[in-house]
Amino acid sequence: MWKSFVDHLTVDWLGLTGRVNETVNFFIYDTVKILFLLVVIIFVVSYLRTHFNTEYVRAHLQGKSELYGNVLAALFGIITPFCSCSAIPLFLGFLQARIPLGVTFSYLISAPMNNEIAIAMLFTLFGWKVTAIYIGFGLFVAIVGGFVIGRFNLEKYVLIPVKPIDEKLEAGEVKMSAKARAKEAWEYTADIVKKIWLYVLVGVGVGAFIHGYVPEDFIVKYAGGDNWYGVPLAVILGIPMYSNAAGVMPLVEVLTDKGMLMGTALSFMMAITALSLPEAMILKKILHTKLIAIFFGIVGVGIICIGYLFNYILK
Amino acid sequence: MKIEILGTGCAKCVALEKVVEQAVAKVGGFHEVVKVDDIMEIMKYNVVSTPGLVIDGKVVSIGKVLSIDEVVKLIEEAKHNA
């Protein structure tokens with residue numbers, strides 16, 4: 001319905017034809033669709049999340065065995081909000097509750113990867129199947145990655161001495177009326193949209209241009225859909241892009257249309273969210289560079305494997 | 001009354017600090033406002049998501065930038081309970 005309205009608008013009212021029409025049409029259609037769905041999805045996700053907070057997660061992870069803890073931590077990563085600015089108190093707070101380092105990392109990989117913006121963008125642009133694959137394999141990387149990190153006995157690389165607390169932490173429910181939750185979720189949504197709308201516009205704008213003007217086989221020919229280095233390159237490019245996830249994802253949609261393989265696209269998006277340079281800089285205050293490098297290395301390798309796997313399966 | 005803002009210097013923590021200052025001005029009276037940015041001090045309050053707000057040693061809010069009116073309400077509630 002929305003598609004036919006936009007067609008009507010650009011062709012009949014604005015009298016556009018050919019490539020110009022295709023570009024403008026794509027831009028209007030995508031921008032409005034993305035912004036609308038972003039608002040709806042982020043609102044729903046933030047509403048559900050008002051039931052949980054990091055303190056709740058910590059109390060629940062306390063005293064859990066390692067592998068079970070990894071799985072639980074990765075799952076909690078989906079339902080709790082995460083801001084890289086509170087990565088330090090989170091990290092130390094978890095260790096303080098004697099939660100193993102590997103379990104803490106499972107959470108630290110999963111939480112930013114399954115952030116509301118990424119989920120909303122994926123769902124809007126690629127549909128529920130790709131979103132489910134992304135979340136599923138994201139959890140897998142978080143669980144296995146955290147577990148492997150746990151095997152290395154890297155506690156000595158935590159630079160700040162943490163005094164453990166032994167008493168059982170209370171998992172206090174977050175008490176709020178439905179109205180208060182809706183209000184908080186709405187404020188949160190507005191806050192996020194204010195932050196990312198420009199990135200979305202620029203991303204869709206560049207995407208629309210590619211959609212209209214770059215020939216179909218361009219990506220396949222030059223960026224090499226099938227090259228062996230496509231996946232690792234995508235992961236490396238994804239690392240510095242965290243804050244721009246909202247702008248990059250519309251681009252990825254167009255690139256997959258133009259022949260970029262889905263596995264490569266998936267790795268790229270996972271690298272954007274899971275491996276963030278600003279987060280690494282923040283963690284450097286409390287963790288030895290070596291530990292951060294191992295963390296990036298393991299997650300990076302995991303994401304690359306997923307990319308290859310998908311390119312292979314979908315071929 | 002002693003009001004502490006727990007935060008390691010993130011944008012949200014700075015925002016909450018400003019809100020608290022305005023709220024205190026609105027409530028009136030003498031209140032001590034302290035910004036706690038030492039991570040070890042923050043850990044003592046069992047707060048994992050910053051910013052946290054502490055009134056007279058009691059954690060009243062975590063991980064949120066409150067509005068001025070919300071902080072005013074919290075201060076008045078704490079006064080009432082004291």
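I start with a contact inside chain A. In H2(A), the residues Lys33(A), Ile34(A), Leu37(A), Leu38(A), Ile41(A), Ile42(A), Val45(A) and Ser46(A) meet Glu116(A), Ile119(A), Ala120(A), Phe123(A) and Thr124(A) of H7(A). Contact here means that the C-beta atoms of two residues, placed from the backbone, lie within 7 Å. Helices are DSSP runs of H or I with at least four residues, strands are runs of E with at least two, and both are numbered from the N terminus. By class, this contact of H2(A) with H7(A) has nine nonpolar, two polar and two charged residues. Nonpolar covers Ala, Val, Leu, Ile, Met, Phe, Trp, Tyr, Cys and Pro; charged covers Asp, Glu, Lys and Arg; the others, Gly among them, are polar.

A word on the source. This is a predicted model, in which local features need pLDDT of at least 70 and side-chain atom pairs count only at pLDDT 80 or more, while totals for chains, interfaces and linings use all residues. Residues are numbered from 1 along each chain as its sequence is written, and chains are lettered from A and ligands numbered from 1 in the order in which they are written.

Back to the helices. Two packed helices are described by the angle between their axes and the distance between the axes. Helix H2 of chain A, residues 18-49, packs against H7(A) at an angle of about 135 degrees, with the axes 9 Å apart. That makes H2(A) oblique to H7(A). The axes are lines fitted to C-alpha atoms, for helices over the stretch in contact, and the angles run from 0 to 180 degrees between N-to-C directions. Under 35 degrees counts as roughly parallel, over 145 as roughly antiparallel, 65 to 115 as roughly perpendicular, and the rest as oblique.

Now a second pair. Helix H6 (residues 101-113) and helix H12 (residues 262-274), both of chain A, pack at about 115 degrees, with their axes 8 Å apart. H6(A) is therefore roughly perpendicular to H12(A). Their crossing is right-handed. Ile109(A), Pro112(A) and Met113(A) on the H6(A) side meet Met270(A), Thr273(A) and Ala274(A) on the H12(A) side. Five of these residues are nonpolar, one is polar and none is charged.

Is Tyr134(A) buried or exposed? Tyr134(A) is buried, because 23 other C-beta atoms lie within 10 Å. The cut-offs, with C-beta atoms placed from the backbone, are 20 or more other C-beta atoms within 10 Å for buried, 12 or fewer for exposed, and anything in between for partly exposed. Leaving aside residues up to four places away in sequence, Tyr134(A) touches Leu122(A), Leu266(A) and Met269(A).

Two loop residues have a positive phi without being glycine. Arg98(A), with a phi of about 60 degrees, sits in the loop between helix H5 (87-96) and H6 of chain A. Arg98(A) counts as partly exposed, because it has 13 C-beta neighbours inside 10 Å. The other is Asn153(A), with a phi of about 50 degrees, in the loop between H7 and helix H8 (178-213) of chain A. Asn153(A) has 10 C-beta neighbours inside 10 Å and so counts as exposed.

Chain A as a whole has 14 helices and zero strands. Buried residues make up 44% of its 315 residues. Its C-alpha atoms fill a box of roughly 70 × 50 × 30 Å along the principal axes.

Chain B has three helices and four strands, in the order β-α-β-α-β-β-α from the N terminus. Of its 82 residues, 33% are buried. Its C-alpha box is roughly 30 × 25 × 15 Å, again along the principal axes.

Last, where the chains meet. How many residues does each chain give to the contact? Chain B gives 13 residues and chain A gives 12. On the chain B side, helix H1 (11-27) and helix H2 (39-44) each supply at least two residues. H2(B) has the largest share of that side, three residues. By class, the chain B side has eight nonpolar, four polar and one charged residues.

How values were computed: Left-handed = near helix turned anticlockwise from the far one by under 90°.
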